[in-house]
Amino acid sequence: MDRILDEVRSFDGLLELAPEPGGPYPEIAWGDHFFYFAPDGQVPANTQPFATIVTKDYPDDASSDLDPDDRWRVNIHVGRALFDGLVGDAAEPIDFAEADAFLPHPVYGSLGWIAVVNPGERTLGRVLELLRGAYRDAVARAERRAQHPST
């Protein structure tokens, strides 16, 4: 996880939310990381993070088996075109707990999110590339919103 955190934390304008005990965020989010492009340091309104790292199962998202101490998952918004190239059309059942493999996000896959449990030798290089791409996409979306603010 450290290699991924180092990479993402190097992005200009990054806002990382990393909830911990005693902070303003609910206990369920403690230990997780949420990454936004937010050069002003404020969580953007009506915007999802471009990537997350989760370290535990959530009530509506337990199929990756993240509760054991040595398991975690990086989630990246890659869009539909890249999503299809990475995970394809799964005709067989998906093992969302498989480590070091590109999988559809168990909850948000239909929205172009991929997930990798414990990225390793097979996936880490590509995960880092995808994080850079998701960041660039977040920057581009923010620039478009700045040019065309809603009324």
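F11 is buried, at a relative accessible area of 10%, where buried means under 20% relative accessible area, exposed over 50% and partly exposed in between, for a 1.4 Å probe and protein chains only. The model is predicted, so local features need pLDDT of at least 70 and side-chain atom pairs count only at pLDDT 80 or more, whereas totals for chains, interfaces and linings use all residues. Residues are numbered from 1 along each chain as its sequence is written, and side-chain values use heavy atoms, with hydrogens and water left out.

A search of the whole structure for aromatic pairs returns 4 of them. Here, rings of Phe, Tyr and Trp (its six-membered ring) pair if their centres lie within 6.5 Å; planes under 30 degrees apart count as stacked, over 60 as edge-to-face and the rest as tilted. F11 and F50 form a tilted pair, because their ring centres are 6.4 Å apart and their planes stand at 35 degrees. F11 sits in the loop between α1 and β1, and F50 in the loop between β2 and β3, so the pair ties together parts that are 39 residues apart in sequence.

Helices (H or I, at least four residues) and strands (E, at least two) are DSSP runs, numbered from the N terminus. Helix α1 spans residues 2–9, and its buried residues are I4, L5, E7 and V8. Seen down the axis of α1, these residues fall within an arc of 165 degrees, so they line one face of the helix; the arc is that of the directions from the helix axis to the C-beta atoms. As a reminder, an α-helix has 3.6 residues a turn, so residues three or four places apart point the same way. The exposed residues D2 and D6 are carried on the face of α1 turned away from its buried side. What do the buried residues of α1 pack against? Their partners are β1 (14–17), β2 (33–37), β3 (51–54), β4 (73–77) and α3 (124–147), with contact meaning heavy atoms within 4.5 Å.

R132 is partly exposed at 29% relative accessibility, while E7 is buried at 12%. The network of salt bridges that contains E7 and R132 also includes R3.

A second bridge pairs R73 with D61, their closest N and O atoms being 2.6 Å apart. R73 belongs to strand β4 and D61 to the loop between β3 and β4, 12 residues apart. R73 is buried, with a relative accessible area of 1%, and D61 is buried too, at 9%. Finally, D100 and R122 meet in a salt bridge of 3.6 Å, N to O. D100 is found in the loop between α2 (79–87) and β5 (103–104), and R122 in the loop between β6 (113–117) and α3, so the pair ties together parts that are 22 residues apart in sequence. D100 is buried at 14% relative accessibility, whereas R122 is exposed at 58%.

Definitions and conventions: Salt bridge = Lys/Arg side-chain N within 4 Å of Asp/Glu carboxyl O.
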